[in-house]
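Let's take a friendly look at this structure together.

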Amino acid sequence: MHDPEKSDSGIVAMKPTNKAGRPVAEPVEPRPGTKGNAEQQSTLRTQGRERVTQALGRVRLAARQRKKEQFTALLHHINVDTLRTAFYALKRKAAPGVDGMTWEDYEADLELRIEDLHGRVHRGAYRPQPSRRVYIDKADGKQRPLSIAALEDKIVQGATVMVLNAIYEGDFVGFSYGFRPGRGPHDALDALSTAIKIRKVNWILDADIQNFFGSVSREWLIRFLEHRIGDKRIIRLIQKWLRAGILEDGIVTVDDRGTGQGSVISPILANIYLHYCFDLWAERWRRREARGDMIVVRYADDLVIGFEHEGDVASLMRCVTGLRNLHCRSTRTRPA
């Protein structure tokens with residue numbers, strides 16, 4: 001991902017020197033306003049980021065202090081500053097969606113486009129476009145379907161993710177590592193290695209949730225979101241993305257399940273779903289049901305759970321099969 005703090009330097013068009021009318025070494029004045037426009041844009045970005053940080057910082061503090069509170073007024077945080085910040089957080093060379101719009105094309109008239117997009121979002125006139133379906137190869141020889149959203153959909157989703165992160169980062173459990181700010185796969189591996197060394201771990205359950213991103217129950221996802229999100233306008237935005245459909249081979253299909261793996265909003269929706277569907281349950285099971293030590297590390301839809309007693313492995317797996325829409329493929333091994 002490109003650093004949102006940096007932008008390409010402006011290229012000033014220079015007129016060739018008129019050899020007949022003036023000395024060769026005489027420079028030509030740059031086109032007026034070019035440098036000033038670049039500086040103005042940089043200032044807008046810096047000031048905008050500061051306002052976004054301050055506003056979402058207040059949301060973050062309220063979310064941490066009031067764990068059960070519903071946030072009923074959130075849409076105003078999806079403003080010009082947040083949308084601009086989300087735009088500059090996108091990958092500049094990412095493949096375009098069905099709109100064919102590239103990052104560079106959109107930036108050429110950014111402020112006008114962002115103002116217009118902001119107005120449509122707040123008037124309720126914003127309509128997501130279907131995502132373009134592509135496939136990437138997996139290590140097992142199969143293919144993973146990905147959804148590539150239109151550029152404006154990526155921008156609004158990115159702004160919404162910033163708002164949701166401000167609320168849910170204080171709620172998510174410590175063993176959740178996937179697609180979270182300041183956390184990554186190396187952090188998950190470090191936590192797992194440390195836990196195995198210092199805790200009584202004799203058995204490892206290595207599992208992944210089969211077709212998770214394509215099988216999420218949208219009905220339950222919305223129910224889970226509504227525990228914290230009381231602003232119906234945010235809920236409707238998310239529902240619009242879930243219902244926008246997939247374009248493949250010239251045909252748009254709309255499914256009733258899944259989060260659209262590959263979209264900007266998909267990872268946090270997946271984390272919210274698994275927070276309520278698995279993480280809180282796993283914490284409770286560890287406290288109340290496990291007969292010995294138990295460790296958990298989750299990275300998106302991949303799970304590694306360590307146990308002191310072999311019997312706890314089978315007991316937990318019997319319970320997991322009863323959880324909503326979670327179908328695990330798993331293997332057991334005794335760690336070295």
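**A first look inside**

The count comes to one cavity of 30 Å³ or more, where a cavity is a set of points on a 1 Å grid over the protein atoms alone at which a 1.4 Å probe fits but cannot get out. This is a predicted model, in which local features need pLDDT of at least 70, side-chain atom pairs count only at pLDDT 80 or more, and totals for chains, interfaces and linings use all residues. Residues are numbered from 1 along each chain as its sequence is written, and side-chain values use heavy atoms, leaving out hydrogens and water.

**The cavity**

- The largest cavity has a volume of about 50 Å³, a volume being the space filled by probe spheres set on the grid points.
- Among the residues that line the largest cavity are Leu 90, Met 101, Trp 103 and Lys 154; lining residues have an atom within 4 Å of a point.

**The sheet**

- Four strands form an open sheet in the order β2-β1-β4-β5, with mixed pairing; strands are DSSP runs (E, at least two residues) numbered from the N terminus, and two of them pair if DSSP finds at least two bridges between them.
- β2 (143-148) and β5 (251-253) stand at the edges with a single partner strand each, so one side of each has no neighbour in the sheet.

**Strand partners**

- β1 and β2 pair in the antiparallel sense over six bridges, and Arg 133 has Ser 147 in β2 as its bridge partner.
- Five residues lie between β1 and β2 in their hairpin, and Gly 141 in the turn has a positive phi of about 90°.
- Strand β1 (residues 131-137) pairs with strand β4 (residues 246-248) in the parallel sense over two bridges, with Ser 131 opposite Ile 246 in β4.

Note on methods. 1 Å grid on protein atoms, 1.4 Å probe; cavity = no way out; pocket = protein on both sides within 12 Å on 5 of 7 lines; lining within 4 Å.
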